[in-house]
Amino acid sequence: MSPWKTLLVAAAALATLLAADATVESTCKAAAAMDVRIDYGFCVSELSKHRDSPGADTWGLAKVAANLGVNNAGGAVREADALLARPPGTGGADDAKARAALGQCRRLYFDMELAFAGAHDEIDARQYAAGKEMAVEGIPLARRCDAVFAEARIPSLLARRGEYAEQIAVLCIAITDLIK
């Protein structure tokens, strides 16, 4: 390839990346202006990490947010499985209360994974109200998991997953509301 063609391809790639960032940033700015619960930095950081964000419009970014919810919930399920698979005394769920709480939360996060997948599918089908209903289901599921650990009087082993789930659910709903 000639040096000019290489330069042209590089310039086009850079322009695409800059346009994608502008779309993510402008969408996050609009979402944060609409809902005070939206953390602009979190929004830009998380949406920008996803492979489908470059070049995505608002509809595409709403689906990305739902997909991030799927990924987080699925990660929580795998994390719970890994902790439950460890023998007692090795840093997993070491007592019966912790194992029971983790088992309950594993089921809650599995349900959350399905809810976010449903949100993605509904948004993809342009059924925005149904998509938002599915996304909002992630919030009480995360809170129920935290409550399970609180009732067992042990710190949640999945607390950061729950915080992320709530943030990404609110973000998914806000971005969906921006779709024209």
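How many cavities of 30 Å³ or more does the structure hold?

Analyst: The structure holds one cavity of 30 Å³ or more. This is a predicted model: local features need pLDDT of at least 70, side-chain atom pairs count only at pLDDT 80 or more, and totals for chains, interfaces and linings use all residues. Residues are numbered from 1 along each chain as its sequence is written, and side-chain values use heavy atoms, with hydrogens and water left out.

A cavity here is a set of points, on a 1 Å grid over the protein atoms alone, where a 1.4 Å probe fits but cannot get out. Grid points are joined across faces, edges and corners, and the volume is the space filled by probe spheres set on the points. The largest cavity has a volume of about 30 Å³.

Its lining consists of Arg37, Ile38, Asp39, Phe42, Gln167 and Leu171. Lining residues have an atom within 4 Å of a point. By class, the lining divides into three nonpolar, one polar and two charged residues. Ala, Val, Leu, Ile, Met, Phe, Trp, Tyr, Cys and Pro count as nonpolar; Asp, Glu, Lys and Arg as charged; the others, Gly among them, as polar.

Take Leu171 from that lining. Not counting residues up to four places away in sequence, Leu171 touches Ala31, Ile38, Phe42, Cys43 and Leu47. A contact means heavy atoms within 4.5 Å. Two of those partners, Ile38 and Phe42, also line the cavity.

Leu171 also belongs to the largest nonpolar core. Such a core is a set of buried Ala, Val, Leu, Ile, Met, Phe, Trp, Tyr and Cys residues joined through side-chain atoms within 4.5 Å. Buried means under 20% relative accessible area, exposed over 50%, and partly exposed in between, with a 1.4 Å probe and protein chains only. Of the 54 residues in the core, Leu47, Tyr109, Met112 and Leu171 touch the most other members. At least two core residues come from each of helix H1 (3-34), helix H2 (40-49), helix H3 (58-85), helix H4 (96-124), helix H6 (138-151) and helix H7 (159-178). H3 gives the most, with 13 residues.

The protein has seven helices and zero strands. Helices (H or I, at least four residues) and strands (E, at least two) are DSSP runs, numbered from the N terminus. Of the 180 residues, 43% count as buried. Among contacts with a separation of 6 or more, 68% join residues 24 or more positions apart.

H7 has 20 residues and reaches 29 Å from its first C-alpha to its last. That is close to the 28 Å expected at 1.5 Å a residue, where the expected span is 1.5 Å times one less than the number of residues. Of its 20 residues, 15 are buried, so H7 is largely enclosed by the rest of the structure. Asp177 is found in H7. Asp177 is partly exposed, with a relative accessible area of 39%. Asp177 touches Met34 and Lys132, not counting residues up to four places away in sequence. Asp177 and Ala129 are 48 residues apart in sequence, yet 9.0 Å apart in space, C-alpha to C-alpha.

At 0% relative accessibility, Ile123 counts as buried. Its contacts, leaving out residues up to four places away in sequence, are Trp59, Ala62, Lys63, Tyr128, Gly131, Cys172 and Thr176. Ile123 and Thr176 are 53 residues apart in sequence and 7.7 Å apart in space, C-alpha to C-alpha.

Next, H6. H6 has 14 residues and reaches 20 Å from its first C-alpha to its last, close to the 20 Å expected. Its buried residues are Gly138, Ile139, Leu141, Ala142, Cys145, Val148 and Phe149. They pack against H4, helix H5 (128-136) and H7.

Two loops complete the tour. Most residues other than glycine have a negative phi. Arg153, in the loop between H6 and H7, has a positive phi of about 60° although it is not a glycine. At 77% relative accessibility, Arg153 counts as exposed. Arg126 sits in the loop between H4 and H5. Arg126 has a positive phi of about 65°, again without being a glycine. Arg126 counts as partly exposed, at 44% relative accessibility.

Methods: 1 Å grid on protein atoms, 1.4 Å probe; cavity = no way out; pocket = protein on both sides within 12 Å on 5 of 7 lines; lining within 4 Å.
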